[in-house]
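Trainee: Could we take a close look at a single part of this one? I'd like to go slowly.

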Amino acid sequence: MGDVEKGKKIFIQKCAQGHTIEKGGKCKPPPNLHDLCGQKTGQAAGFTYTDANKNKGITWEEDTLMEYLENPQKYNPGTKMIFAGIKKKGKRENLISYLKKARNE
């Protein structure tokens with residue numbers, strides 16, 4: 001899908017100030033993203049989600065992440081996520097590739 005190394009750089013630039021990615025990493029308070037793919041929205045342990053996240057009812061996979069990462073507030077109105085999004089499809093693909101790889105580490 002995307003370039004893992006470029007995705008890692010995007011994660012560091014845009015996500016690491018709030019999120020951790022390593023297995024067993026703590027919530028900063030945003031949730032740890034290690035096992036994000038395959039999880040339902042609003043389910044990660046150690047984080048208090050808004051009703052919007054708890055009730056969204058989707059499972060995080062490539063397609064849902066692609067849409068969410070483009071504009072989190074539009075995709076899920078009421079989310080606490082303070083992030084404008086990543087407009088370029090290629091950058092979102094790179095980030096998702098990194099998230100998927102990190103899941104296996």
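Which residues does T79 touch, not counting residues up to four places away in sequence?

Mentor: Happy to. Before we start, this is a predicted model, where local features need pLDDT of at least 70, side-chain atom pairs count only at pLDDT 80 or more, and totals for chains, interfaces and linings use all residues. Residues are numbered from 1 along each chain as its sequence is written, and side-chain values use heavy atoms, with hydrogens and water left out.

Now, your residue. Leaving out residues up to four places away in sequence, T79 touches T50, A52, N53, Y68, P72 and Q73, where contact means heavy atoms within 4.5 Å. As for its place in the chain, T79 lies in the loop between helix 4 (72–75) and helix 5 (89–103); helices here are DSSP runs of H or I, at least four residues long, numbered from the N terminus.

T79 counts as buried because its relative accessible area is 12%, and buried means under 20%, with exposed over 50% and partly exposed in between (1.4 Å probe, protein chains only).

Next, look at what the T79 side chain does. It makes a polar contact with the side chain of N53 at 3.2 Å. That term means a pair of N or O atoms within 3.5 Å; within protein, one must be able to donate a hydrogen and the other to accept it, and residues adjacent in sequence count only if both atoms are side-chain atoms. The T79 side chain also reaches the backbone nitrogen of M81, at 3.2 Å. So picture a buried loop residue whose side chain contacts both N53 and the M81 backbone.

Note on methods:
Helices (H or I, at least four residues) and strands (E, at least two) are DSSP runs, numbered from the N terminus.
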